[in-house]
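I opened my notebook to look up a few local features here. My entries follow in the order I took them.

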Amino acid sequence: MSRSACLIFNPVAGQGDPEQDLAIIRALLEPEIDLDVYHTTAEVAADKLAELAVKRGVEAIIVSGGDGTLSAAATAVVGTDIPFGIISRGTANAFATALKIPDTIDAACQTILQGRTRYVDTAYCNHHPMVLLAGIGFEAETVEMTDRDAKKRLGVMAYILAGLQTLRNLQSFQVQIETEDKIISTTASAVTVANAAPPSSVLAQGPAGIIYDDGLLDLTIVAPESKAGAIAATFHLLQTASSGSPVKRDDIGYLRGKQFKINTSPPQKVVLDGEIIGTTPIEVNCVPAGLKIFVPFDQAVSSTEKLEGLPNLMVESKQNSKIQE
């Protein structure tokens, strides 16, 4: 593994004491790695710090913060073959959970020190890097309603409470989805395009498991007819996430593909890896094996397997009575 690395540290992430967290990270890593430590600020975000590190020819980049920080830092790293270390300190830590990377500081540092890596897919959404997912409609409204103070005080519960408030004003919208070979028009309350997603990202769980290294994106459409239907659909998605089976409801559908163009009427807010980036339309494109990350020993994959192990990029779809081509 590399003996030097750039550590990009977000001091406002999560609920812990940032000075103590950084001290622990340095104590664990610096005996074996020569660290250059850079703090994100309101003026200089993780993407700029990572870009500067890549230009300097850094051997590895380690990022400590929430999912938004990780996604931003990945901007400069995708396609470079520079190993990417993850020390999650956010509210949801969805990226680490999806990739089965430990979300405690000690275990995450030990994972980096082992030096084992594998390649995972990434994506771009309207030219923004995407490591997790883009959410349109319900999820975006929920994220926008959840402020930083609430996340500091309540953690993941802040998202749940915001979701309940959003449900009271649940709105449907017209959506058009264009894939490589078809155009689908339907009505929906939520559309989610996932590169990687843990079971807790409920609205992404239409397919039978989100595979983060298959060269494909997973799109889930949720189209309930009422608030009661939305609750039932959400519960069903929770069940599919835990069982690993695809959805079996008329008001939920899913697609798999390399790219999606999505437009809505009226325009809907879009959340990307936990951050609001604007409104529809969006275009999302997969970057197969775009990011090389440090992983636990039992998940490591060689570069030969990375090149030979990608499946044929086939599009799967599940049509139902709510989704018309």
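**Cysteines**

I began with Cys-109, which counts as buried because its relative accessibility is 0%. This is a predicted model, so I keep that in mind for every entry. Next I looked up Cys-286, and it is buried too, at a relative accessible area of 13%; the cut-off is under 20%. I then searched for disulfides and found zero in the structure.

**Helix 1**

How far apart are the end C-alpha atoms of helix 1? I get 16 Å for residues 18-29.

Which residues of helix 1 are buried? My list reads Asp-21, Leu-22, Ile-25 and Leu-29. They sit on the same side of helix 1, because the arc they cover around the axis is only 95°.

On the face turned away from the buried side, I found the exposed residues Glu-19 and Ala-27.

At the N-terminal end of helix 1, I noted a cap by Asp-17. One of its side-chain oxygens lies 3.0 Å from the backbone nitrogen of Glu-19.

**Cis peptide bonds**

I checked omega next. Ser-265 and Pro-266 are joined by a cis peptide bond, with omega about 0°. I place Pro-266 in the loop between strand 13 (259-265) and strand 14 (269-272).

Another cis peptide bond joins Thr-280 and Pro-281, where omega is about 15°. Pro-281 belongs to the loop between strand 15 (275-279) and strand 16 (282-294).

**Positive phi**

Lys-100 is not a glycine, yet its phi is positive, about 60°. I find Lys-100 in the loop between helix 4 (94-98) and helix 5. Is Lys-100 buried or exposed? With a relative accessible area of 62%, Lys-100 is exposed, since the cut-off for that is over 50%.

Ala-289 is not a glycine either, and its phi is positive at about 50°. I traced Ala-289 to strand 16.

Notes:
Residues numbered from 1 in each chain as written. Predicted model: local features only at pLDDT ≥ 70, side-chain atom pairs only at ≥ 80, totals over all residues. Heavy atoms only, no water. Disulfide = S-S within 2.5 Å. Buried < 20%, exposed > 50% of the residue type's maximum accessible area, 1.4 Å probe, protein only. Helix = DSSP H or I, 4+ residues; strand = E, 2+ residues; numbered from the N terminus. Expected span 1.5 Å × (residues − 1). Arc of directions from axis to C-beta. Polar contact = N/O pair within 3.5 Å; in protein donor to acceptor, adjacent residues only side chain to side chain.
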